[in-house]
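Good morning. I have one structure to go through today, so please look at the screen while I talk.

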Amino acid sequence: MNFEQYTLVGSTVRSYLSWLKDTGKVAAEFQDNNIVSWNMFGSRLKFT
C-alpha cells in the first residue's frame, strides 16, 4: 500500500466512524485516555 492509499483508507475509516457516532449507532466511553466501553448497534463491549 502506498502513501496515498494509506491516507485515503485512514480518512475513509475516520469519516465512517464519525458518521456512526453522529447518527447514534456507536458510542465509546473513556477514562484516563483509555477506552472502557464500546457500544455499537445495541451491543456493549466492556474493557477492564
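Met1, Tyr6, Val9, Val13 and Leu17 make up a nonpolar patch on the surface, and together they have about 540 Å² of accessible area. A patch here takes residues with over 30% relative accessible area and no salt bridge; nonpolar side chains (Val, Leu, Ile, Met, Phe, Trp, Tyr) are joined within 5 Å, like charges within 9 Å. Accessible areas come from the Shrake-Rupley method with a 1.4 Å probe, and for residues only the protein chains shown count as cover.

This is a predicted model: local features need pLDDT of at least 70, side-chain atom pairs count only at pLDDT 80 or more, and totals for chains, interfaces and linings use all residues. Residues are numbered from 1 along each chain as its sequence is written, and side-chain values use heavy atoms, with hydrogens and water left out.

Valine 13 sits in helix 1, residues 3-22. Its relative accessibility is 44%, so valine 13 counts as partly exposed. The cut-offs are under 20% relative accessible area for buried, over 50% for exposed, and partly exposed in between, with a 1.4 Å probe and protein chains only.

Now the overall layout. Of the 48 residues, 8% are buried.

Which residue forms a salt bridge with glutamate 29? The partner is arginine 44, and the closest N and O atoms are 3.7 Å apart. Glutamate 29 belongs to strand 1 (residues 26-31) and arginine 44 to strand 3 (residues 43-46), so the pair ties together parts 15 residues apart in sequence. The rule for a salt bridge is a side-chain nitrogen of Lys or Arg within 4 Å of a carboxyl oxygen of Asp or Glu. By that rule the count is one. Glutamate 29 is partly exposed at 34%, and arginine 44 is partly exposed at 48%.

Last, strand 2, residues 34-40, which holds valine 36. Is valine 36 buried or exposed? It is buried, because its relative accessible area is 17%. Leaving aside residues up to four places away in sequence, valine 36 touches Glu29, Phe30, Gln31, Leu45, Lys46 and Phe47. Contact means heavy atoms within 4.5 Å. Valine 36 and arginine 14 are 22 residues apart in sequence, and their C-alpha atoms are 20 Å apart in space.

Terms used: Helix = DSSP H or I, 4+ residues; strand = E, 2+ residues; numbered from the N terminus.
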